[in-house]
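Open the model in your viewer and keep the selection panel at hand. This tour goes stop by stop: what to select, then what is there.

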Amino acid sequence: MSHDDDYRINITGDVSGQVGSGRNVHQTQNAGAARTGEVQAALDRLEELLRRHAERVTEADRAARDVAALRRELQEPDPDPEALRDTTGRLARRVAGVTVLVEAVNGLTALLGLGG
């Protein structure tokens, strides 16, 4: 095997998704700051939907506080994935009876890369 055919991968940190190796393989992952606008828009939409459907959510005030907690955590230099997961899970339970809110929470959860 020639030196040109010796492919190596060095992966550090948390990785999910595809990893490619080989001659002329390039991959780009847009995460973090690139998604900030999408995440903020999702939070804005969720807040608006909560206002519109507050009478249908038993704990609407607490759900609104959960959204505010998500915003605060996401402003941290290194947001805690466990805190985000806990808060989105609690929020999902609070809005479970309103489909449009469930969809909004699921979309936010996906944007944050938390599964669900």
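Is R62 buried, partly exposed or exposed? R62 is partly exposed, with a relative accessible area of 42%. Here buried means under 20% relative accessible area, exposed over 50%, and partly exposed in between, with a 1.4 Å probe and protein chains only.

Before going on, note the ground rules. This is a predicted model, in which local features need pLDDT of at least 70, side-chain atom pairs count only at pLDDT 80 or more, and totals for chains, interfaces and linings use all residues. Residues are numbered from 1 along each chain as its sequence is written, and side-chain values use heavy atoms, with hydrogens and water left out.

**Stop 1: the whole chain**

Show the protein chain as a cartoon. It has four helices and zero strands. From the N terminus, the order is α-α-α-α. Helices (H or I, at least four residues) and strands (E, at least two) are DSSP runs, numbered from the N terminus.

Now switch to a surface. The protein chain exposes about 8200 Å². Carbon and sulfur atoms supply 44% of that area. The areas come from the Shrake-Rupley method with a 1.4 Å probe; for residues, only the protein chains shown count as cover. Of the 116 residues in the chain, 26% are buried.

Then look at contacts, meaning heavy atoms within 4.5 Å. Take those between residues at least 6 apart in sequence: 58% of them join residues at least 24 apart.

**Stop 2: α2 against α3**

Select residues 60–74 for helix α2 and residues 81–94 for helix α3. Their axes lie 9 Å apart, and the packing angle is about 160 degrees. That makes α2 roughly antiparallel to α3. Axes are lines fitted to C-alpha atoms, for helices over the stretch in contact, and angles run from 0 to 180 degrees between N-to-C directions. Angles under 35 degrees count as roughly parallel, over 145 as roughly antiparallel, 65 to 115 as roughly perpendicular and the rest as oblique.

The crossing of α2 and α3 is left-handed. In such a crossing the near helix is turned anticlockwise from the far one by less than a right angle; clockwise would be right-handed.

Show side chains next. From α2, pick R62, A63, D66, V67, A69, L70, E73 and L74. They meet A83, L84, T87, T88, R90, L91 and R94 in α3. The residues of this α2 and α3 contact divide into eight nonpolar, two polar and five charged. Ala, Val, Leu, Ile, Met, Phe, Trp, Tyr, Cys and Pro count as nonpolar, Asp, Glu, Lys and Arg as charged, and the others, Gly among them, as polar.

Stay on R62, which sits in α2. Draw a C-alpha distance to L91: 8.4 Å, across 29 residues of sequence.

**Stop 3: L70**

Center on L70, also placed in α2. What is its relative accessibility? L70 has 1% and counts as buried. Which residues touch L70, leaving aside its neighbours within four places in sequence? They are L43, L84, T87, T88, L91 and L108.

L70 and T88 are 7.8 Å apart, C-alpha to C-alpha, and 18 residues apart in sequence. R85 and L70 are 9.6 Å apart by C-alpha, and 15 residues apart in sequence. R85 is in helix α3. At 43% relative accessibility, R85 counts as partly exposed.

**Stop 4: α1 against α4**

Select residues 36–52 for helix α1 and residues 99–111 for helix α4. The axes are 10 Å apart and the angle is about 165 degrees. So α1 is roughly antiparallel to α4. Their crossing is left-handed.

On the α1 side, E38, V39, A42, L43, R45, L46, L49 and L50 make the contact. On the α4 side, V100, L101, A104, V105, L108 and L111 do. The residues of the α1 and α4 contact divide into twelve nonpolar, no polar and two charged.

**Stop 5: α1 against α2**

α1 passes α2 in a left-handed crossing.

Show V39, Q40, L43, D44, L46, E47 and L50 in α1. They meet A63, A64, V67, L70, R71 and L74 in α2. The residues of the α1 and α2 contact divide into nine nonpolar, one polar and three charged.

Finish on E48, in helix α1. E48 is partly exposed, at 32% relative accessible area. Its C-alpha is 10.0 Å from that of A64, 16 residues away along the chain.
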